[in-house]
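Please open the model in your viewer and keep the selection tool at hand.

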Amino acid sequence: MHPALLRTDHRPWPLPARAWVGRQSWHDLLFAHWPISARQVRHLVPPALTIDEHEGKSWVGLVPFRMSGVSFRHVPDLPGISAFPELNVRLYVTLGGKPGVWFLSLDADQGLAVWAARTFMHLPYHRARMSLRESAAGIEYDSRRCSGVARFRGRYRALSGVFGAQPGSLEHWLTERYCLYASSTSGALRRTEIHHFAWPLQRAELEVFDSTMFEPHGIDVSSAPPICHFARRLDVVVWAPERC
């Protein structure tokens, strides 16, 4: 059994009856979230998806991290392929009573992973040149998309001890989501189920040196500072996408 499956009582719905197909681990992850109006991003999301709101606000997230152990079930890690940085821009949506994530973009520094995720999971991945390193000041993260203007350069660090988000809180609403949605080339909506332990969050701070990650989507986040959380590691299993 995969270690991520040793605890499931925190899930908002049961595990899928089907066998999971992939695994990965997320490291040094930052959640940076800005409040936005749902009307501002309605045109970026398929009509069938409801844009979620928490106490009257929707939120957009910027999530830099690195991955390891990215592989299929029963397949060992592949050198040069199974570990790489990733950066995503995301919104929060619901369909059929299952709250999940809608990705506006995902950047990764691994060409095969970008191709596979675009082809088989219908996700808007982009190839980027990326690096991160940890120092006494925090994690320095640098990403520049190979095509277009999307760029992020910043530094982030944890500010508190680890805590579990309480149900009903904003941090629980933002992070405890166990599926993602995507639209295939035919326009059909697909849901991908995931599972992991509840997030081991720490309050965090972010210093942005340069960022144009929201500009391609026409999103302005200049009116408020972000709410930031950090997680050192989380192990994840993934199921194959299914048509909604």
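Begin by selecting the rings of Phe, Tyr and Trp, among which the structure holds 9 aromatic pairs; rings pair if their centres lie within 6.5 Å, with the six-membered ring used for Trp, and planes under 30 degrees apart count as stacked, over 60 as edge-to-face and the rest as tilted. Phe-31 and Trp-199 form one of these pairs, an edge-to-face one with 4.8 Å from centre to centre and 75 degrees between the planes. This pair links distant parts of the chain, 168 residues apart, since Phe-31 belongs to strand E1 (residues 22–36) and Trp-199 to the loop between strand E10 (189–195) and strand E11 (202–211). Helices (H or I, at least four residues) and strands (E, at least two) are DSSP runs, numbered from the N terminus. Phe-31 counts as buried at 1% relative accessibility, and Trp-199 is buried as well, with a relative accessible area of 5%; buried means under 20% relative accessible area, exposed over 50% and partly exposed in between, with a 1.4 Å probe and protein chains only.

Next, select Tyr-156 and Phe-230, which form a tilted aromatic pair at 6.3 Å centre to centre, with 50 degrees between the planes. Here too the pair links distant parts of the chain, with Tyr-156 in strand E8 (residues 151–158) and Phe-230 in strand E12 (residues 227–238), 74 residues apart. Tyr-156 is buried at 1% relative accessibility, and Phe-230 is buried at 3%.

A word on the model: it is predicted, so that local features need pLDDT of at least 70 and side-chain atom pairs count only at pLDDT 80 or more, whereas totals for chains, interfaces and linings use all residues. Residues are numbered from 1 along each chain as its sequence is written, and side-chain values use heavy atoms, with hydrogens and water left out.

Arg-177 lies over the face of Trp-173, at 4.6 Å from the ring centre, and Arg-203 lies over the face of Phe-163, at 4.3 Å.

Now select helix H2 (residues 111–120), in which Ala-113, Val-114 and Ala-117 are buried. Because these residues cover an arc of only 100 degrees around the axis, they are on the same side of H2; the arc is that of the directions from the helix axis to the C-beta atoms. The buried residues of H2 pack against strand E4 (84–95), strand E5 (98–108) and strand E6 (125–135).

Within strand E5, select Trp-102, which is buried with a relative accessible area of 10%. Leaving aside neighbours within four places in sequence, Trp-102 is in contact (heavy atoms within 4.5 Å) with residues including Leu-44, Leu-49, Val-89, Tyr-181 and Leu-189. Trp-102 and Leu-49 are 53 residues apart in sequence, yet their C-alpha atoms are 9.1 Å apart in space.

Finally, zoom out to the protein chain, which has 3 helices and 13 strands. Buried residues make up 52% of its 244 residues, and its C-alpha atoms fill a box of roughly 45 × 40 × 40 Å along the principal axes.

Methods
Lys NZ or Arg CZ within 6 Å of the ring centre and 35° of its normal.
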